Amino acid sequence: MNISFSVNDDILYSLKENAEEFTRDVRFLAALMWYRKSRLSLGKAAELAGYSKIDFIERMKLEQEPIFDYGNEEMTQIFADVAKLP
C-alpha cells in the first residue's frame, strides 16, 4: 500500500529537511507512536519505519526514547514474579 499527502515546502524549510528526510522521520514517528500505544510490536513498528529491529532500537536510543516503558504497577508485578523464582 502506498499512502501520500502534500506538505508545503515551507514546512520542510522550517524543519531543515528534504523530502526524503521528512518521509523517513514521519514513518519513524508514526511507528514510534503506535509502538508506544501498544498497537504495534517492536518488530512491526520497525517494519513500518523501514528499519531492522536493531536499527529501530538504535534510532529510539538516539532520540532518547525508552525501549520498554513500564509503569509502577507493571514493575511491581515483574519484581514480584522475579522474587518467586528459585
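A charge sits over a ring if NZ of Lys or CZ of Arg is within 6 Å of the ring centre and within 35 degrees of the ring normal. The tour uses that term at its second stop.

This is a predicted model, in which local features need pLDDT of at least 70 and side-chain atom pairs count only at pLDDT 80 or more, while totals for chains, interfaces and linings use all residues. Residues are numbered from 1 along each chain as its sequence is written, and side-chain values use heavy atoms, with hydrogens and water left out.

**Stop 1: the aromatic rings**

Select Phe28 and Phe56. Phe28 and Phe56 form a tilted pair, 5.4 Å centre to centre with 55 degrees between the planes. Phe28 lies in helix H2 (residues 19-36) and Phe56 in helix H4, so the pair ties together parts that are 28 residues apart in sequence. Helices here are DSSP runs (H or I, at least four residues), numbered from the N terminus.

Phe28 is buried, at 1% relative accessibility, and Phe56 is buried at 0%. Buried means under 20% relative accessible area, exposed over 50%, and partly exposed in between (1.4 Å probe, protein chains only).

**Stop 2**

Select Arg59, in helix H4. Arg59 lies over the face of Phe28, 4.1 Å from the ring centre. Its relative accessible area is 12%, so Arg59 counts as buried. Setting aside neighbours within four places in sequence, Arg59 is in contact (heavy atoms within 4.5 Å) with Arg24, Asp25, Phe28 and Tyr51.

Move to Asp25, in helix H2. Asp25 is buried at 15% relative accessibility. With neighbours within four places again left aside, Asp25 is in contact with Glu17 and Arg59.

**Stop 3: the surface around Tyr70**

Select Tyr70, in the loop between helix H4 (53-62) and helix H5 (72-83). At 44% relative accessibility, Tyr70 is partly exposed.

Conventions:
Helices (H or I, at least four residues) and strands (E, at least two) are DSSP runs, numbered from the N terminus. Rings of Phe, Tyr and Trp (its six-membered ring) pair if their centres lie within 6.5 Å; planes under 30 degrees apart count as stacked, over 60 as edge-to-face and the rest as tilted.
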